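Below is a short note for a reader who is new to this structure. The points are numbered and can be read alongside the model.

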Amino acid sequence: MSGRKRGSVAVVGAAESDLGQVAADVSPTDLMAQATRRALDDCGLKLSDVDGVLAAHTQSRMAVLQLCEYLRIKPKYFDSTQIGGSSFMSHLAHAMTAIEQGVCGVAVIAYGSTQRTVSRAAASPREFNPYESVYRPFLPASAYALAASRHMHQYGTTREQLAEVAVAARKWALMNPAAWEKEPLTIEQALNARMVSHPFTVRDCCLVTDGGGAIIVTSAARAKSLKKKPVYVLGVGEAIGHATISNMPDLTLTAAAESGPKAFGMAGIRPADVDMVSLYDAFTINPILFLEDLGFCPKGEGGRFVSNGAIAPGGRLAVNTSGGGLSYCHPGMYGLLVMIEAVRQVRGECGARQVKDCEISLAHGNGGVLSSQCTVLFGSEAAL
Amino acid sequence: MQDLKRQSPFGIYAEHCRKGELAYQVTEDGKPLFFPRVVAPGTAGGKLEWRISKGLGTVYATTAVYTKDKPPYNVALIDLDEGFRMMSRVEDVDALRVKIGMRVKVRMHPGDDKQPPYPVFSPAEGK
């Protein structure tokens, strides 16, 4: 296996940057730096303690250089792995190795985006592919819509079940003061919203917002002496599949079926042990696919699993309590915010939306067009 | 191996499209391959051979893309009978009436000044 040891490192600081819509000319690095400052304040460490920097975003090819220049850090360890929205789970796995090996002691993982302010087209220009671009798929939405069409065909998943995911996210978002969406949403409204790429309406698609975040990671030993109670990394799993949707072998089976078992294997726990789940919901089909591939329900049952408010507040499984990319915040590579919510739930910091006795949470990142899948399991001291 | 200073894999593919042919490759162990490459992936190794598809296939996945003021257009993944998959568009039928499992046949879209001819599909009942 990876050689990484369950519980060897902990997330000690976690913070969002300003979210939603930021002022003109704010840069992604402004947001990364702001979140880093807040995450350091969250744990009581200083900028001078940071000797590992991991960062990625879509508005610069060299996010680590930008952040280190801005904060004047000369890191012993750095990593700009860019596999889309799951990059930050991957960064956490890499930081874990670096800290275990003594390459660095305190790592920051940071992200920032101003895609709402500068437009999505400017923030994430589409890469040209002569075998796909000519057909004008509306990417990434159309790729996920193709996967949804296949899931509906193979397993009888319905548009109403997709809408359930959007409605559950909205109900959680209304309990999160930081969420972008402030109004209730019904199944009917989701179904009748503007169609984007069939079967998806605009309510099946994630938000387009600005935003960023940062987490601070250090060894379990050092974590104990800091301000907040440590949130230990119990397991990590990284997997990549394809780059383009035309090359995904089975559109109903993602590489989460590899990353999940890796993370669970390392943590020595099962899905039934998880108290709260944070899944990258770029589109409503995502949580359905990931609940299946991560082992929370059998393959093909995801649509039925989410029905009747099962993942909404008061349901059988707490999924995306922040409101998710669908209703809370989606700056383009949402994976870092996926982890921040999972960390806060284990800390018990989530106020009205806090999951009772949350000792173990799962954060799952997705990148590209269902391309990269990375899973992290977090646990409290009691879960160690 | 193909000389990349002379022609790209896509260049050969596009040349076939101009002749009305949907070209794909097979690996030395006989497996169909798409998109065209300059080296064989995975463990196959060895040479890649170009072949021409009969152009018959089945819709594997489908969506309809909505834009302002225009009817939605289809984007689909097509499984060709030879065993490779490609993205394309099913035409001559309402975008929302394109169904998974539908049999389709290739034809070349003529393209324009900027876009060389490219394969699209139309329904092929009974084939």
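1. Glu238(A) stands opposite Cys374(A), a residue of strand β12 of chain A. The two strands involved, β8(A) and β12(A) (residues 372-379), run antiparallel and are joined by eight bridges. Helices (H or I, at least four residues) and strands (E, at least two) are DSSP runs, numbered from the N terminus. Two strands are said to pair if DSSP finds at least two bridges between them.

2. On the source: this is a predicted model, in which local features need pLDDT of at least 70 and side-chain atom pairs count only at pLDDT 80 or more, while totals for chains, interfaces and linings use all residues. Residues are numbered from 1 along each chain as its sequence is written, and chains are lettered from A and ligands numbered from 1 in the order in which they are written.

3. The strands β8(A) and β12(A) belong to an open sheet of ten strands in chain A, with the order β3-β2-β4-β7-β1-β8-β12-β11-β9-β10 and mixed pairing. Its edge strands are β3 (77-79) and β10 (318-319) of chain A, each of which pairs on one side only. Helix α11 (residues 285-293) of chain A lies across β9 (276-279), β10 and β11 (360-367) of chain A, and runs at about 125° to β9(A). Axes here are lines fitted to C-alpha atoms, for helices over the stretch in contact, and angles run from 0 to 180 degrees between N-to-C directions.

4. How do helices α1 and α2 of chain A cross? The axes of α1 (residues 28-43) and α2 (residues 63-71) of chain A come within 10 Å and cross at roughly 60°. That angle makes α1(A) oblique to α2(A); angles under 35 degrees count as roughly parallel, over 145 as roughly antiparallel, 65 to 115 as roughly perpendicular and the rest as oblique. The crossing of α1(A) with α2(A) is right-handed, meaning that the near helix is turned clockwise from the far one by less than a right angle.

5. In that crossing, Thr29(A), Met32(A), Ala33(A) and Thr36(A) of α1(A) meet Gln66(A), Leu67(A), Tyr70(A) and Leu71(A) of α2(A). By class, the residues of this contact are five nonpolar, three polar and no charged. Residues are in contact if their C-beta atoms, placed from the backbone, lie within 7 Å. For the classes, Ala, Val, Leu, Ile, Met, Phe, Trp, Tyr, Cys and Pro count as nonpolar, Asp, Glu, Lys and Arg as charged, and the others, Gly among them, as polar.

6. Chain A is divided into domain 1 (9-121 + 209-234) and domain 2 (141-204 + 235-383), with bounds that come from an automatic or database domain assignment. Taken over C-alpha atoms, the centres of the two domains are separated by 22 Å. Across the boundary, 35 residues of domain 1 of chain A are in contact with 42 residues of domain 2 of chain A. On the domain 1 side, β1 (9-16), α3 (87-100), β4 (106-113), β7 (211-219) and β8 (231-240) of chain A each supply at least two residues. Helix α3(A) gives the most to that side, with seven residues. The residues of the domain 1 side divide into 17 nonpolar, 14 polar and four charged.

7. Chain B has one helix and eight strands, in the sequence pattern α-β-β-β-β-β-β-β-β. Its C-alpha trace spans about 45 × 35 × 25 Å along its principal axes.

8. One open sheet of chain B has three strands in the order β2-β1-β3, with antiparallel pairing. Strands β2 (32-33) and β3 (49-52) of chain B are at the edges with a single partner strand each, so one side of each is left without a neighbour in the sheet. Four bridges join β1(B) (residues 23-26) to β3(B), and Gln25(B) stands opposite Trp50(B) in β3(B).

9. Strand β4 (residues 56-67) of chain B runs antiparallel to β5(B) (residues 70-80), to which nine bridges join it; Val59(B) stands opposite Ile78(B) in β5(B). The hairpin of β4(B) and β5(B) has two residues between the strands, and Asp69(B) takes a positive phi near 65° there. Three bridges also join β4(B) to the antiparallel strand β7(B) (residues 103-109), where Arg103(B) stands opposite Thr58(B).

Terms used: Contact = placed C-beta atoms within 7 Å.
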